[in-house]
Structure formats: structure tokens, C-alpha cells
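The sequence and structure come first.

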Amino acid sequence: MSGEISLAQARRIALAAQGFLDKPHAAPTMRTLERTVARTGVLQIDSVNVLARAHLMPLFSRMGPYDTRLLHRATSSSPRRLVEYWAHCAAYMPVDLWPLMQHRMARYRAKGSRVEREQPDLLKQVLYRIRTEGAATPRQLDDGSERSKENWGWNWSATQEALDYLWITGELAVAERNAQFERIFDLPERVIPPTVLNQSTPSDAQAHRELIRRAARSLGVATELTLQDYYRMHHTQTKPAIAALVASGELQPVRVEGWKQPAYLDPQARVPRRVSAQALLSPFDPVVWYRPRSAALFDFHYRIEIYTPAAKRVHGYYVLPFLLGDRIAARVDLKADRRAGRLLVHAAYAEPSAPAHTADALAQELHRLARWLGLDEVTIASRGDLAAPLQAMISAQGALAGNLESPTGA
């Protein structure tokens with residue numbers, strides 16, 4: 001490509017890099033899942049379950065309806081394909097990233113923590129119990145110390161802090177999450193495949209280059225700040241890494257129409273003439289998780305409002321962008337009412353660039369999402385300029401047939 005690309009090209013490159021050109025499978029397999037995670041790089045984890053867990057949605061957005069037991073197998077059964085670590089935020093990442101995170105683990109060890117300074121014996125006791133008794137949650141190891149329900153509902157204790165510190169420093173790994181969404185901790189040698197665990201640790205510079213290389217592969221085209229954000233790196237790490245990859249020809253400097261900052265293109269990125277995506281995006285989807293990028297690419301200004309007081313919310317509590325073609329065409333505030341078997345659309349708003357068929361396409365996607373979640377119907381509230389046409393399309397397409405049982409457990 002030339003040294004300058006249009007904004008439309010940048011959007012299509014970005015969406016292709018994220019897997020929105022991949023051919024969907026009627027019944028996604030483990031191979032489909034691995035291909036999808038190879039595109040996204042990581043799956044961010046979040047505890048909010050008003051619709052579906054955050055790490056489940058990016059796979060649905062790209063693969064369509066899939067059996068979530070695939071992801072459970074990938075993250076909890078040997079040989080593990082994915083493991084949880086602080087790769088973006090808390091996220092599932094391919095296990096081969098474990099050696100590349102050693103520099104991050106070393107930094108956390110050097111920094112230390114309150115529990116390490118004040119209760120070093122607790123760290124030894126917790127580690128000993130897991131080594132001798134096996135994998136456990138903080139609650140299973142808790143000595144009965146007082147627990148706090150601050151920090152947005154998480155139950156913290158000294159044991160929890162100790163386990164989290166041992167995890168972030170690499171002395172423990174997460175074996176899986178249980179039905180209560182608690183981490184189950186174990187020794188790395190009982191979680192990470194030996195072929196990965198026994199690899200030599202790359203130098204910091206090598207790790208930084210590989211993380212930027214992977215970020216560029218997942219982004220297609222990006223500014224330095226966007227590359228830096230993908231694996232939550234520091235500018236002192238990213239600047240030398242980008243310079244080295246430019247020098248080796250693995251990144252190509254480009255100008256993107258309308259962007260003030262210079263950008264970098266993955267020379268292997270696909271440059272499609274058209275992207276025909278139709279997907280609801282989680283607030284934690286890589287397409288939109290870095291808000292300055294979603295504004296620069298799609299002219300889409302977005303924030304998650306779950307921490308905003310209800311009276312001050314603009315669009316709703318849990319709002320998902322709707323990707324149509326290569327633009328974000330709408331946003332909808334969704335909730336899965338599992339007890340009543342309904343997908344609730346509390347509000348629906350069209351974006352200024354929304355095409356005429358947005359309501360029709362969104363209705364199709366809402367029906368598909370409801371079926372995947374095992375819900376019987378889609379219910380539209382009256383809030384938002386897209387609510388009325390969306391309700392008309394939902395009615396025209398017909399109610400979901402019967403109580404369709406979903407095998408996903410989503």
C-alpha cells in the first residue's frame with residue numbers, strides 16, 4: 001500500500017484484522033474458536049452478567065451461535081489453549097503468551113504489594129496449601145478473616161489478596177473459573193502445558209516487540225497509543241519496539257485520512273474492498289474497548305454507563321454497539337431476563353450514518369442473540385429513536401418459535 005490510506009480503508013482493514021471477514025461455520029468447532037482468538041489476541045473478562053459474560057460475546061460476534069463449552073474446554077481442560085492473565089485487563093490469552101508475560105510478572109514482583117509487605121507468611125501458607133492440597137478458590141482457603149464487600153461487590157480478604165498477588169507475579173495460575181465466577185488457582189506446572197512452561201524466557205525487548213507485533217496483527221492499522229493500549233504497555237516499552245519493527249519492515253508507517261497522529265500498518269493485513277459485518281459488540285470488544293480508536297475509526301463516541309448514576313445515563317446501563325457493514329449503525333441497551341425468558345431491549349438508538357435497513361438487520365441479530373441465550377422472545381421498550389422501527393421489524397419477522405433450548409449455558 002501507499003503511505004496514505006483513506007478512513008474507509010482503515011475501517012475495513014481493522015475489521016478484517018478482527019476476524020469479520022472469516023467465513024462463519026454452521027457449528028463452530030475448537031478450530032474456529034482458536035482462529036477467532038488468533039484474530040482478537042485476547043478475550044477481556046468482566047464480572048457483569050446482565051446480558052452474557054464479556055468474554056463470551058466477542059466469540060459470538062464473530063462466530064455466531066456457538067456452544068460455550070468450547071471456551072470452557074479451551075480454558076480449563078488439558079491441553080489448555082487459553083489461560084487467564086492480566087494481558088489487557090484480566091483476560092483469556094493464548095497459552096503461548098505466558099513466556100512473554102514474564103517481564104510483567106517480574107515487574108509486579110519488584111513492586112511488591114501490601115500483603116507481601118505485611119503478611120509474608122500468609123503468602124507462604126497459601127502457596128503451600130495449593131501445592132499440597134490442590135487447586136482452590138480464595139473462599140476455600142479463607143481462614144475466616146473478615147471480608148469486605150467494597151470494590152463493586154467483590155468479596156476481598158487477605159487470602160484473596162495473597163492469591164491475586166501470587167497470580168499476578170506468576171507463582172500461581174488460574175486453572176478455571178467456577179459456576180460462581182470465582183478464580184480457581186493452581187500451580188503453573190499443573191495449568192500451563194510443559195512445552196510452553198519450559199520455554200526460555202525472552203528478554204524484555206524481545207517480549208515488547210512480540211506484543212507489539214501481535215497487537216498490530218489484531219488491529220491491522222493503528223496509532224502508537226492504540227498499539228500501546230492493546231496489551232497495556234508503557235510508552236518506554238512501545239517506542240523502541242515500534243522503531244525496531246519499522247526498521248525490520250514488520251510495521252509500515254502510514255497516514256490515515258483525518259487522523260492527527262501517524263499510524264502503523266501491518267504489511268500482512270488484508271485490505272478488503274468491502275466488509276459485510278452484522279454483529280452486536282460487547283462494551284469490552286477489542287473493536288470498541290479503546291474509545292479514542294472507536295471515535296477515530298467510526299466517529300462513534302461511546303462509554304459504558306454501568307458506573308454512572310441512573311439519572312445521568314444517556315443511552316442506558318449496558319449498551320452494545322451494532323456493527324453493520326463497516327460502520328457502527330446503532331446502539332442498544334440490552335438485558336437478558338432469564339427468569340422470564342426474554343431479551344429486553346430497554347433502548348435503541350440509530351447513529352447518524354445508519355443505513356435504511358438498520359432496524360431490519362438489528363432485529364435479525366437480536367433474534368439470533370436471544371436464541372443463543374436460550375430466550376423465547378425479544379421485547380422492545382419505547383426509548384430511543386430506533387425503538388419504533390425496531391419493534392415493527394421484530395413483529396414482522398415473527399416471534400421466536402417455541403422455547404428453543406440452547407446448549408450454550410451462556
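## Basis

Two strands count as paired if DSSP finds at least two bridges between them. Helices (H or I, at least four residues) and strands (E, at least two) are DSSP runs, numbered from the N terminus.

The model is predicted: local features need pLDDT of at least 70, side-chain atom pairs count only at pLDDT 80 or more, and totals for chains, interfaces and linings use all residues. Residues are numbered from 1 along each chain as its sequence is written, and side-chain values use heavy atoms, with hydrogens and water left out.

E11 and E12 form a hairpin with one residue between them. Strand E12 covers residues 327-337 and runs antiparallel to E11, to which six bridges join it. Within this pairing, Pro321 has Arg331 of E12 as its bridge partner.

E11 also pairs with strand E10 (residues 277-280), again in the antiparallel sense, over four bridges. Here Ala277 stands opposite Gly325 of E11. Strand E11 (residues 319-325) is mostly covered, with seven of its seven residues buried; buried means under 20% relative accessible area, exposed over 50%, and partly exposed in between (1.4 Å probe, protein chains only).

## The four-stranded sheet

An open sheet of four strands is arranged in the order E1-E8-E9-E7, and its pairing is mixed. Strands E1 (4-5) and E7 (221-223) are the edge strands; each has a single partner strand, so one side of each lacks a neighbour in the sheet.

The partner shown for E7 is strand E9 (residues 263-265), which pairs with E7 in the antiparallel sense over three bridges. In this pairing, Val221 is bridged to Leu265 of E9.

Two packed helices are described by the angle between their axes and the distance between the axes. Axes are lines fitted to C-alpha atoms, for helices over the stretch in contact, and angles run from 0 to 180 degrees between N-to-C directions.

Helix H15 (residues 358-372) packs against helix H16 (residues 387-397) at an angle of about 60°, with the axes 8 Å apart. H15 is therefore oblique to H16; angles under 35 degrees count as roughly parallel, over 145 as roughly antiparallel, 65 to 115 as roughly perpendicular and the rest as oblique. Contact means heavy atoms within 4.5 Å. On the H15 side, the residues that meet H16 include Ala359, Leu362, Leu366 and His367, and on the H16 side they include Pro389, Met393 and Gln397. The residues of this contact divide into eight nonpolar, three polar and one charged. Ala, Val, Leu, Ile, Met, Phe, Trp, Tyr, Cys and Pro count as nonpolar, Asp, Glu, Lys and Arg as charged, and the others, Gly among them, as polar.

## Helices H1 and H14

Helix H1 (residues 7-17) and helix H14 (residues 291-298) pack with their axes 9 Å apart, at an angle of about 130°. H1 and H14 are therefore oblique to each other. Leu7, Ala10, Arg11, Ala14 and Leu15 of H1 meet Arg293, Ala296, Leu297 and Phe298 of H14. The contact of H1 with H14 has seven nonpolar residues, no polar ones and two charged.

## Two threonines

Thr40 lies in helix H2 (residues 30-40) and is buried, with a relative accessible area of 1%. Apart from its neighbours within four places in sequence, Thr40 is in contact with Gln18, Arg62, Ser218, Tyr230 and Pro286.

Thr132 lies in helix H7 (residues 120-133) and is partly exposed, with a relative accessible area of 46%. Thr132 and Ala205 are 73 residues apart in sequence and 36 Å apart in space, C-alpha to C-alpha.
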